[in-house]
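Here are a few notes to read alongside the model. I start with the ligand and then turn to the helices.

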Amino acid sequence: MALLSIKNENVIYKVKNKNIHAVNNVSFDIEPQDSLGIVGESGSGKSTLALSMLRLLPKKIAEVSGEVIFEDRNLLTISEDELRDIRWKEISVVFQKSMNSLSPIHKIGSQMSDIYMLHNKTASKAEVKNKMTELLELVNLPPRVYTMYQHELSGGMMQRVSIALSLMHNPKLIIMDEATTALDVITQGQILNEIKELEKRLSIARIMITHDMSVVANTCKKIAVMYAGYLVEFGYVDDVISNPNHPYTRGLLKSFPTLKGERGVLRGISGSLPDLSVQHDGCIFESRCPERSESCHKEKPGTVILENGRMVMCHSAGRR
Ligand SMILES: Nc1ncnc2c1ncn2[C@@H]1O[C@H](COP(=O)(O)OP(=O)(O)OP(=O)(O)O)[C@@H](O)[C@H]1O
């Protein structure tokens with residue numbers, strides 16, 4: 001059984017008199033211990049998808065529909081109390097800005113302990129201290145970090161603290177939204193290697209949102225490619241990279257010629273994302289697609305399921 005199953009999820013932002021369709025009919029499964037990279041250019045709906053899954057978007061601005069089933073519970077309909085419990089204990093999130101959410105005037109250890117105590121009210125002082133030392137060790141931080149302040153830590157050390165916090169309750173799923181983007185390449189590489197190790201040891205599944213295809217190629221089993229709120233391709237990283245089926249995926253891959261080093265411009269894909277407040281009759285990618293045909297303008301493509309769990313939203317899927 002899937003650990004997390006997203007079924008026909010839609011997110012509409014209500015802005016003044018406009019409806020912005022930020023996520024459209026997205027469906028996919030995450031198996032236990034899977035690692036999924038979600039990629040797509042800026043504004044394609046990656047963060048919206050992650051935030052909406054955990055009901056982290058205010059109801060006033062975002063309308064979310066569909067189902068997000070996590071081990072038999074629909075996260076979109078369970079009570080706030082049930083959801084709060086799941087959020088830290090079973091699914092945790094690390095954002096790029098997580099490291100800025102630490103308080104500058106309290107020691108790291110006391111902040112970590114406070115968060116731990118929220119869900120473990122009866123834990124003794126010694127027990128909490130032991131758990132915190134263990135967590136710091138898990139992310140390769142020395143015990144002295146416990147008594148340090150935020151301003152005494154480097155960016156990499158702070159992000160390790162955020163990751164330690166997210167692992168506090170042994171979650172089954174960790175969602176990382178550009179969590180290592182702000183770090184230098186070496187520190188990012190080290191942290192990603194540590195995460196891969198931890199996942200194996202602690203049997204955690206991971207969703208990783210990133211602009212960086214090389215991060216996905218090096219650290220994920222599966223990949224989801226989003227364009228203008230649609231899931232245009234999904235499958236095993238090896239399959240998708242060696243034989244990308246959607247023209248947008250091909251363009252994205254071409255912008256990472258070596259899958260190492262710096263990202264280039266989106267080669268072969270001119271133009272920019274369409275206006276998400278305007279509904280389209282045909283394929284959402286049609287105006288930028290180098291391979292478009294007549295039917296792409298008239299008809300929305302369905303999602304075609306190919307071998308090995310590959311899903312592609314294109315009229316020509318599987319014909320290449
Ligand atoms: N609070 C909001 N109100 C209105 N529109 C929003 C809001 N947040 C995001 N959007 C719009 O929703 C779309 C998807 O944005 P989202 O941040 O999810 O994309 P993303 O792929 O995560 O981008 P990035 O890689 O830059 O973080 C964009 O068009 C964005 O402008």
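1. β1, β2 and α1 each supply at least two residues of the shell around the ligand; helices (H or I, at least four residues) and strands (E, at least two) are DSSP runs, numbered from the N terminus. The largest share, three residues, comes from α1.

2. Before going on, please note that this is a predicted model, where local features need pLDDT of at least 70, side-chain atom pairs count only at pLDDT 80 or more, and totals for chains, interfaces and linings use all residues. Residues are numbered from 1 along each chain as its sequence is written.

3. Which residues come nearest to the ligand? Of the 15 around it, these are Y13, A22, S42, S47 and T48 (near: C-beta atom, placed from the backbone, within 6 Å).

4. Helix α1 (residues 46-53) is mostly covered, with six of its eight residues buried (20 or more other C-beta atoms within 10 Å of the residue's own, C-beta atoms being placed from the backbone). The buried ones are K46, T48, L49, L51, S52 and M53. Their cover includes β1 (4-15), β2 (18-30), β3 (35-39), β4 (62-70), β8 (205-209) and β9 (222-227). After α1 comes R55, with a positive phi near 55°.

5. Do look at α5 (residues 155-167) and α6 (residues 185-202) too: their axes come within 11 Å and cross at roughly 15°. That makes α5 roughly parallel to α6 (angles under 35 degrees). In this pair, G156, Q159, R160 and L167 of α5 meet T187, I191 and L198 of α6 (contact: C-beta atoms, placed from the backbone, within 7 Å).

Terms used:
A residue is buried if 20 or more other C-beta atoms lie within 10 Å of its own, exposed if 12 or fewer, and partly exposed in between; C-beta atoms are placed from the backbone. Two residues are in contact if their C-beta atoms, placed from the backbone, lie within 7 Å. Axes are lines fitted to C-alpha atoms, for helices over the stretch in contact, and angles run from 0 to 180 degrees between N-to-C directions. Angles under 35 degrees count as roughly parallel, over 145 as roughly antiparallel, 65 to 115 as roughly perpendicular and the rest as oblique.
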